[in-house]
Amino acid sequence: MSATADHAEERTNPAARLGFQPEQVVQEIGYDDDVDQELREAIEEFIGSQLVDEEYDDVADAVVLWFRDEDGDLTDVLVDATTYIEEGGSILLLTPKTGRTGYVEPSDISESATTAGLSASKSVSVGKDWSGSRLVTPKAARSKR
């Protein structure tokens, strides 16, 4: 595949845009009836397997974390999520968009990520109702420079 085709896929496939890679093990936390099924399916199609759930008993390459304001303390949830990923792994934090039930302030996300030892590397719209923040461990953030 050419570099041009790679860039085209990154623009059209949300999983590629969000930094997922084929054959990664991706663990999903916070699944509920309100999640974006199209995004879940796009990630599964791109990685070539189903997302593993919270009962998965090994480390994952990445975590998809659905979080709403009423889900508790975001810092605690992020610290817990880091225990599920490989060193250098990433967490895709998905929160409801502005005006939606469960909306989380960007300043709360930034503060919680910093306290949990994570760096936000990009924030994107990932669907009609959800925004995504890609959070990485400091080692992963440094290796991307």
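Colleague: Let's start with strand β5, residues 130–136: how many of its residues are buried?
Modeller: Six of the seven residues in β5 are buried, so the strand is mostly covered. Keep in mind that this is a predicted model.

Colleague: Thanks! Which strand does β5 pair with, and in what sense?
Modeller: β5 pairs with β3, residues 85–96, in the antiparallel sense, and the pairing runs over seven bridges.

Colleague: And what stands opposite G132?
Modeller: That's L94.

Colleague: Zooming out a bit, how many helices and strands are there in the protein?
Modeller: There are six helices and five strands. Reading from the N terminus, the order is α-α-β-α-β-α-β-α-β-β-α. As for burial, 42% of the 145 residues are buried.

Colleague: I'm curious about ring contacts. How many aromatic pairs turn up in the whole structure?
Modeller: The search finds one. The ring centres of W66 and W130 are 4.8 Å apart and the planes sit at 80 degrees, so this pair is edge-to-face.

Colleague: Why does that angle make the pair edge-to-face?
Modeller: Because planes over 60 degrees apart count as edge-to-face, and the W66 and W130 planes are at 80 degrees.

Colleague: Where do the two partners sit in the chain?
Modeller: W66 belongs to strand β2, residues 60–66, while W130 is in β5.

Colleague: New topic: pockets. What volume does the largest one have?
Modeller: About 170 Å³. Its lining has 14 residues, and T95, P106, I109, S123 and S133 lie nearest the centre.

Colleague: Which elements each supply at least two residues of that lining?
Modeller: β3, α5 (106–115), β4 (119–125) and our friend β5.

Colleague: And what is the lining like by class?
Modeller: Six residues are nonpolar, seven are polar and one is charged.

Colleague: Last stop, helix α3. Which of its residues are buried?
Modeller: Within α3, residues 37–47, the buried ones are L39, R40, A42, I43, E44, F46 and I47.

Colleague: What goes on at the start of α3?
Modeller: A side-chain oxygen of D36 comes to within 3.0 Å of the backbone nitrogen of E38 there.

Colleague: And what phi does G48 take, just after the helix?
Modeller: G48 has a positive phi, about 85 degrees.

Notes
Residues numbered from 1 in each chain as written. Predicted model: local features only at pLDDT ≥ 70, side-chain atom pairs only at ≥ 80, totals over all residues. Heavy atoms only, no water. Buried < 20%, exposed > 50% of the residue type's maximum accessible area, 1.4 Å probe, protein only. Helix = DSSP H or I, 4+ residues; strand = E, 2+ residues; numbered from the N terminus. Pairing = 2+ DSSP bridges. Polar contact = N/O pair within 3.5 Å; in protein donor to acceptor, adjacent residues only side chain to side chain. 1 Å grid on protein atoms, 1.4 Å probe; cavity = no way out; pocket = protein on both sides within 12 Å on 5 of 7 lines; lining within 4 Å. Points joined across faces, edges and corners; volume = space filled by probe spheres on them. Nonpolar A, V, L, I, M, F, W, Y, C, P; charged D, E, K, R; others polar. Phe/Tyr/Trp six-rings, centres within 6.5 Å; stacked < 30°, edge-to-face > 60°.
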